[in-house]
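Hi everyone, thanks for making time for this. I'd like to walk you through a structure, piece by piece. Have a look at it first, and then we'll go through it together.

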Amino acid sequence: MSNNIAVEVLNIAHSYGDRKALAGVSFQVKRGEIFGLLGPNGGGKTTLFRILSTSFPPTSGQATIFGSDVRSQAEAVRRRIGVVFQNPSLDKKLTVAENLRHRGRLYGLRGSLLEDRMKEMMERLAVADRAGDIVETLSGGLQRRVELAGGLLHRPELLILDEPSVGLDPGARRDLWLYLKHLREREGVTILLTTHLIDEADRCDRVLILNQGAVVALDTPDTLKEQIGGDVIVISSRTPDELCAAIRERFAVDAAVFNGKVRVERESGHAFVSQLVDAFSGMIDSVTLAKPTLEDVFIARTGHRFWEDGQ
Amino acid sequence: MSAFLLATGTLWQREMVRFLRQRSRVVGAFGSPLLFWLLIGSGVGSSFRGAAAGEMNYMEYFFPGTVVMILLFTSIFSTISIIEDRKEGFLQAVLVAPVPRSAFVLGKVLGGTSLAVAQGVLFMLLAPLVGIPLSAIPAALGMMGLVAFGLTALGYTIAWSMDSTQGFHAIMNLFLIPMWLLSGSVFPASGASQWLKWVMMVNPLTYGLAAVRWSIYGAGSPATLNLPSFAVSLAVSVVFGAILFAAAILMTRQR
């Protein structure tokens with residue numbers, strides 16, 4: 001196979017007892033890519049994260065990372081990946097430096113090499129001044145940074161992160177993304193992350209949208225949004241079903257009701273808005289016109305809203 | 001191999017540091033057996049003087065039993081941290097690191113063993129009070145280590161499949177404390193009723209405690225009369241430790 005490929009997933013399925021979490025997922029991640037797995041909670045992305053991080057093997061199908069199989073060659077995979085868990089995998093009773101030291105040794109680092117790497121990573125992630133602090137005294141954002149430092153100690157070629165922004169304030173989230181981009185650009189690290197945040201998925205080079213264990217869409221964020229065509233118009237009304245039917249009849253467009261609001265996708269939406277308001281002014285409370293987002297892609301492909309799903 | 005030892009060593013070191021940082025655990029694992037020994041030892045000792053344990057003073061008879069209780073408490077409680085590791089997330093990073101599962105198990109079990117032996121030695125400093133010389137400490141080190149290893153591995157296999165520490169405490173009360181009570185720690189098998197004798201005979205800890213007694217007193221002492229032979233005690237303890245250690249590794253490999 002081409003060694004341009006960092007991750008190759010072929011028809012992976014996974015079940016927890018009777019519950020099917022993944023139903024035949026396939027995709028490839030190229031080297032140097034920032035690749036996002038977007039989906040609602042329960043959509044299967046954390047299961048996929050666990051399989052790719054070698055926490056457990058898939059029920060069926062195959063996944064290879066840099067050519068090594070996650071099931072039969074787990075140790076080779078583990079050497080080349082850095083894993084950043086959503087719930088930091090730190091020992092909260094130990095200091096930042098102690099945690100990093102243990103983590104480094106688990107990856108075969110020792111002595112002055114280990115101490116140098118620890119110092120370097122703590123400086124890069126701006127936690128060097130907290131080296132002697134017990135982890136449980138740190139904020140969630142700082143703990144996440146220490147976790148990231150731990151995942152990078154052995155200089156992995158692929159970094160796998162589970163919901164890296166959860167629990168971070170906007171400033172910390174921006175810093176994290178600056179650092180991820182830096183890693184990709186300066187060191188060619190491939191990055192694969194899961195997220196349920198639309199704006200985070202937007203920053204990835206390519207996004208795979210997962211719903212109920214299946215691939216809904218896979219492309220660059222821009223291409224996915226262009227496929228929606230034009231603009232998204234959302235209309236609030238006291239009688240949404242009635243309005244929706246009326247719009248369908250009058251304009252012969254594909255209107256639908258989501259969450260009590262009428263939603264229409266349309267080229268040159270601004271012109272359509274004025275026609276709409278002229279035609280149904282009595283039934284309309286408010287109208288919003290926007291460029292499509294990845295959430296609109298999700299709605300268009302699955303027929304339901306992002307946030308309602310998955311429970 | 002050196003990567004294996006590096007991983008085992010670092011996990012062992014983590015157990016030491018964690019234990020020493022939690023003062024309540026240090027006191028709990030040492031304080032309650034000490035209290036047991038003082039209260040039960042002096043209470044039973046003055047009520048039933050010389051009744052069952054031959055010419056030996058009861059405080060002395062109960063002393064090795066208390067050492068084993070300290071080994072039991074410390075090693076078992078050290079494995080509760082597996083449940084915490086799973087909850088707090090430390091375990092997930094270990095399981096995706098490029099080290100064999102057996103390195104993790106060995107680091108954990110040796111950690112618990114070391115802590116248990118250290119606490120046991122600390123208690124044995126009181127040995128001269130009951131007429132046992134301090135030279136018994138180095139003599140008993142090996143057997144204390146062997147018994148503690150088996151008990152830590154036992155704790156590991158229990159803790160591995162548990163998701164709450166409450167469940168662990170239930171097992172401690174229903175299974176582990178009786179196991180200790182019926183090991184010859186509080187009363188000898190010779191004076192017990194027939195069914196208790198049988199239970200004590202199949203209890204592996206009976207042989208662990210006997211091995212500790214043998215190592216403290218050596219051959220030819222009246223204190224080792226009516227005990228299983230040293231060879232049998234040693235063999236049962238080695239087999240017990242080996243089986244549970246293997247079981248701990250197998251369980252860890254499966255998930």
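**A walk through the model**

Let's start with one glycine. A:Gly39 is buried, because 29 other C-beta atoms lie within 10 Å, and 20 or more is what it takes to count as buried. Keep in mind that what you're looking at is a predicted model. Where does A:Gly39 sit in chain A? You'll find A:Gly39 in the loop between β3 (34-38) and α1 (45-52) of chain A. And which residues is A:Gly39 in contact with, if we leave aside its neighbours within four places in sequence? Those are A:Gly44, A:Lys45, A:His196, A:Ile209, A:Leu210 and A:Asn211. A:Val127, on the other hand, is 88 residues away from A:Gly39 in sequence and 31 Å away in space, going C-alpha to C-alpha.

Okay, on to the sheets. One of them is an open sheet of 6 strands in chain A, and the order is β6-β7-β8-β3-β9-β10, with mixed pairing. At the edges you have β6 (81-84) and β10 (214-219) of chain A, each pairing on one side only. On average, neighbouring strands here are turned by 15 degrees against each other, ignoring direction. Helix α11 (residues 294-302) of chain A packs on this sheet and touches β3, β9 (206-211) and β10 of chain A. The direction of α11 makes about 135 degrees with that of β10(A).

Let's zoom in on one pair of strands. β7 (residues 158-162) and β8 (residues 190-195) of chain A run parallel, paired over 5 bridges.

β4 (residues 60-65) of chain A pairs with β5(A) over 2 bridges, in the antiparallel sense. There, A:Ile65 stands opposite A:Ser68 in β5(A).

Now, A:Ile65 turns up again. Setting aside residues up to four places away in sequence, A:Leu52 touches A:Ile65, along with A:Val7, A:Ala63, A:Val70, A:Ile160 and A:Leu192. A:Leu52 also belongs to the largest nonpolar core, which has 138 residues. Which members touch the most others in that core? They are A:Leu52, A:Ala149, B:Leu71, B:Val147 and B:Val212. The biggest contribution comes from helix α7 (residues 136-160) of chain B, with 14 residues. There's another core apart from it, of 10 residues, including A:Val232 and A:Phe272. As background, nonpolar side chains tend to be buried together in soluble globular proteins.

Next up, a helix in chain B. Helix α1 (residues 2-21) of chain B has 20 residues and spans 28 Å from its first C-alpha to its last, close to the 28 Å expected. Among its buried residues are B:Leu6, B:Leu11, B:Arg14, B:Glu15 and B:Phe19. What do the buried residues of α1(B) pack against? They pack against α3 (96-106) of chain A, plus α2 (23-47), α3 (58-79), α4 (81-88) and α6 (101-124) of chain B.

That leads us to where the chains meet. The contact takes 24 residues from chain A and 19 residues from chain B. On the side of chain A, α3(A) gives the most, with 5 residues. Sorted by type, that side has 7 nonpolar, 7 polar and 10 charged residues.

Definitions and conventions
Residues are numbered from 1 along each chain as its sequence is written. Chains are lettered from A and ligands numbered from 1 in the order in which they are written. This is a predicted model: local features need pLDDT of at least 70, side-chain atom pairs count only at pLDDT 80 or more; totals for chains, interfaces and linings use all residues. A nonpolar core is a set of buried Ala, Val, Leu, Ile, Met, Phe, Trp, Tyr and Cys residues joined through C-beta atoms within 7 Å. A residue is buried if 20 or more other C-beta atoms lie within 10 Å of its own, exposed if 12 or fewer, and partly exposed in between; C-beta atoms are placed from the backbone. Helices (H or I, at least four residues) and strands (E, at least two) are DSSP runs, numbered from the N terminus. Two residues are in contact if their C-beta atoms, placed from the backbone, lie within 7 Å. The expected span of a helix is 1.5 Å times one less than its number of residues. Ala, Val, Leu, Ile, Met, Phe, Trp, Tyr, Cys and Pro count as nonpolar, Asp, Glu, Lys and Arg as charged, and the others, Gly among them, as polar. Two strands pair if DSSP finds at least two bridges between them. Axes are lines fitted to C-alpha atoms, for helices over the stretch in contact, and angles run from 0 to 180 degrees between N-to-C directions.
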